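Have a go at each one before you read its solution.

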Amino acid sequence: MSGVKRKRNVLNIKQKLEILQKLDNGESASTDAEDVLNEGNIISHSAALQSVETLSDYMGQRGFDYSDITAVRKICVDIRQERNKSRSKDA
């Protein structure tokens, strides 16, 4: 992934304190941290499609079950359909 720059998300002090307080109270805070870190991070259809296609190729090379590979390929089809819908809305 050379040439691709990613924004590094870091929790601010308030967010860290809120999560630590939840942990102190015995609550789970993992989803809270993930939600905060994922805010505003939207992966493009192209990037998602490339990742899923790479996964599909990997699964084929490693001899995964055909039904699993088929499920991953279905995800590729779904991403392409979403991308096409998005493009037609923008046009």
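**Exercise 1.** What should the 17 residues of helix 3 (residues 45-61) span, and how far apart are its end C-alpha atoms?

*Solution.* Keep in mind that we're working with a predicted model. Take 1.5 Å a residue; the expected span uses one less than the number of residues. For helix 3 that gives 24 Å, and its end C-alpha atoms are 24 Å apart, so the two agree.

**Exercise 2.** Find the buried residues of helix 3 and work out where they lie around its axis.

*Solution.* Start with the list: A48, L49, V52, S56 and M59 are buried. Now look down the axis of helix 3: these residues fall within an arc of 95 degrees, so they line one face of the helix. Then turn to the face pointing away from that buried side, where you'll find the exposed residues Q50 and Q61.

**Exercise 3.** Classify the ring pair of Y58 and F64 as stacked, tilted or edge-to-face.

*Solution.* First check the distance: the ring centres are 6.2 Å apart, and the cut-off is 6.5 Å. Next comes the angle: the planes stand at 55 degrees, so the pair is tilted. The count of aromatic pairs comes to one. Finally, check the cover: Y58 is partly exposed at 40% relative accessibility, and F64 is partly exposed at 39%.

**Exercise 4.** Say which residues make the nonpolar surface patch of about 400 Å².

*Solution.* The patch is made by I13, L17, L20 and L23. Pick out L17: this residue sits in helix 1 (residues 13-24). With a relative accessible area of 47%, L17 counts as partly exposed.

Key
Residues numbered from 1 in each chain as written. Predicted model: local features only at pLDDT ≥ 70, side-chain atom pairs only at ≥ 80, totals over all residues. Heavy atoms only, no water. Phe/Tyr/Trp six-rings, centres within 6.5 Å; stacked < 30°, edge-to-face > 60°. Buried < 20%, exposed > 50% of the residue type's maximum accessible area, 1.4 Å probe, protein only. Patch = residues over 30% accessible without salt bridge, like charges linked within 9 Å, V, L, I, M, F, W, Y side chains within 5 Å. Areas by Shrake-Rupley, 256 points an atom, 1.4 Å probe, with all protein chains shown as cover. Salt bridge = Lys/Arg side-chain N within 4 Å of Asp/Glu carboxyl O. Helix = DSSP H or I, 4+ residues; strand = E, 2+ residues; numbered from the N terminus. Arc of directions from axis to C-beta.
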